[in-house]
Amino acid sequence: MATETSSKGVTDGFHLVIDALKLNGLDTIFGVPGIPVTDLARLAQAEGIRFIGFRHEQPAGHAAAIAGYLTQKPGICLTVSAPGFLNGLVALANATMNGFPMIQISGSSERAIIDLQQGDYEELDQMNAAKPYTKASYRVDRPEDIGIGLARAIRAAVSGRPGGVYLDLPGSVLGATLDSETGARSLVRVVDPAPEQLPAPESIQRALELLSRAERPLIILGKGAAYAQADADIRAFIEKTGIPFLPMSMAKGLLPDDHPQSVAAARSTALARADVVMLIGARLNWLLGHGKGSQWSPTAQFVQLDIAPTEMDSNRPIAAPVVGSIAASVSALLATLKPGKIQPRTAWLDALAHKKQHNLDRMAGNLAAKREPMGFYGALGAIKQVLADKPEVYVVNEGANTLDITRNVIDMRLPRRRLDCGTWGVMGIGMGYAIAAAVVSGKPVVAIEGDSAFGFSGMEIETICRYQLPIVTVVFNNGGIYRGDDVNRSGGADPAVTTLMKGARHDKLIEAFGGVGKHVVDPQELTQALREALASGKPTLIDCAIDPTAGTESGHISNLNPQSSIEKKK
Ligand code: ADP
Ligand code: TZD
Ligand code: MG
């Protein structure tokens, strides 16, 4: 049998990986080539898989993760052994933390030498190093196991709560040959990798019952709800019940931000006064003050829709847990909801609408500010205007003040268009997320970046130019982390700890790679530069001079920043 098939030809580990990816509809790889995966990238490209070559593995990993979030298919990141693997691992851990499906495939060195620590080229026990940071970590030790290895990785990445999966491919396995027929038979096309998980009917009844008794109900939409792509049903449930909703950062646009039931602009009042809160794909983590403290009513009761049963009661008791996939759960809620069962609470809606209008009026004043140098609001007022009639544009956003103020100012009107620092508040996602959004969607991307945040992945501006992606990077240049006016407490010549180069011209960076660089100092210039950039579709970087004294330390989370009380008294 073996002789018969081998006469028909041989395959090898490289080809089996590529065949397995293609068989499962995985058509894009983000990564950095080198020993032992150079040929894997090269052959993948030859076989019609798109390979996006980065300058550093971390942004490649972030790109894979957000591609996973946008497509519900695991994003693939390819790295070399040891240091390349570790560079990608931050992104893999971040994907796990945020619930984005991603597979980091890494080449590795010679097992026998690694295990005896005999000093191989780029020696590291990668599978075990990855374990604490991933949903699953596998190694393929025989070429005939590549198919099943990738199948396990796919299922682990996308089923249940999605996350990061590590798949280790030793160089020897990639290079090993196998007869073609045995190879073909070893491949696995994963059937229904993320099966719908139906909620228990009683849990749906319990949730509706609790909501119907609420005087001041509130729905909080998280990025799990955005990921689920159950957009129409979520909107129908919110509109049929008349319950006001609050989007978490990446859930902005799931329903348009200008929807009359959105209470994003009355967030504090909504959280503090709600008596029943329904969480849809949002965790009660630090971003929601753990559901406790002065932000919240101590007597509020919770409904929570989540696919992860252990998420229930993580921070506060959940009176009505609904465990299942969001698509199935919201559809069950809609099917079970009797007309008139949940009445709109007019007094509550009026109170929120009043507060919302007050806050929006106040913000409008800030946005119209024409002062020079620009503050964050003045600059964002200009961007808001340009994006107003372009809902399809993806907005990537990182920084501290740049992040917090952009989130509040820039309205989103379509689902999954806002991509940001997420659960960890991690810097460095900017260029990777922007590249993946452009590659996956073919749509324009505007990345609004603090100057410090931009630096974490700034070299990928070359990748953007090399692949000619329609990405406009706007750097909010206030000359520092939070602010540009910190002083060296020693009086010495070294720059202060949070400052960056004064008067830096980030626009010059993109010019080095043939992109378009602009430097703007007032809102009119910014409006014009951004309009031109979006119309041209060319890779553009707009360096935007922001008042170095405009920001606050740690942005909107200064409460989490421990400060020396001795220092303060001085
Ligand atoms: P946010 O940061 O927007 O508040 P989180 O990342 O904290 O959102 O929470 C997202 C939640 O959504 C996670 O607890 C995750 O288990 C859940 N989730 C993700 N996808 C689904 C899905 N398809 N169905 C149900 N729950 C999901
Ligand atoms: N490193 C990583 C990976 N993530 C982080 N969040 C930080 C460091 C700490 N950090 C923040 O939390 S925000 C930030 C850092 C370094 C940069 C803020 O400066 P910015 O934004 O220029 O990006 P603003 O507009 O000046 O506030
Ligand atoms: Mg800054």
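Biologist: I'm new to this one, so where does Phe54 sit, buried or exposed?
Modeller: Phe54 is buried, with a relative accessible area of 5%, where buried means under 20%, exposed means over 50% and partly exposed lies in between, computed with a 1.4 Å probe and protein chains only. This is a predicted model, in which local features need pLDDT of at least 70 and side-chain atom pairs count only at pLDDT 80 or more, while totals for chains, interfaces and linings use all residues. Residues are numbered from 1 along each chain as its sequence is written, chains are lettered from A and ligands numbered from 1 in the order in which they are written, and side-chain values use heavy atoms, with hydrogens and water left out.

Biologist: How many aromatic pairs are there?
Modeller: The structure holds six aromatic pairs, counted when rings of Phe, Tyr and Trp (its six-membered ring) have centres within 6.5 Å, with planes under 30 degrees apart called stacked, over 60 edge-to-face and the rest tilted. The rings of Phe30 and Phe54 are edge-to-face, because their centres are 6.2 Å apart and their planes stand at 70°.

Biologist: And which parts of the chain does that pair tie together?
Modeller: Phe30 lies in strand 2 (residues 28-31), whereas Phe54 is in the loop between strand 3 (50-53) and helix 4 (57-71), so the pair ties together parts that are 24 residues apart in sequence. Helices (H or I, at least four residues) and strands (E, at least two) are DSSP runs numbered from the N terminus. Phe30 also counts as buried, at 2% relative accessibility.

Biologist: Switching to the metal, what are the protein donors of the magnesium ion?
Modeller: For the magnesium ion (ligand 3) they are Asp451 (OD), Asn478 (OD1) and Gly480 (O), lying 2.1 Å from it. Donors are N, O and S atoms within 2.8 Å of the metal (3.2 Å for Na, K and Ca), and water is not among the atoms, so sites may look incomplete. Along the chain, the donors follow the spacing D-x26-N-x1-G.

Biologist: What about helix 17, how many of its residues are buried?
Modeller: Nine of its 12 residues are buried, so helix 17 is mostly covered; among them are Phe376, Leu380 and Ile383. Helix 17 (residues 376-387) reaches 16 Å from its first C-alpha to its last, close to the 16 Å expected at 1.5 Å a residue, the expected span being 1.5 Å times one less than the number of residues.

Biologist: How many salt bridges does the structure hold?
Modeller: It holds 22, a salt bridge being a side-chain nitrogen of Lys or Arg within 4 Å of a carboxyl oxygen of Asp or Glu. The side chains of Lys341 and Glu209 form one of them, at 2.9 Å from N to O. This pair links distant parts of the chain, 132 residues apart, with Lys341 in the loop between helix 15 (326-336) and helix 16 (346-367) and Glu209 in helix 11 (residues 201-213). Lys341 is partly exposed at 33% relative accessibility, as is Glu209 with a relative accessible area of 34%.

Biologist: Which residues do shared partners join into one network?
Modeller: Arg55, Glu462 and Arg466 are joined into one network by salt bridges that share partners.
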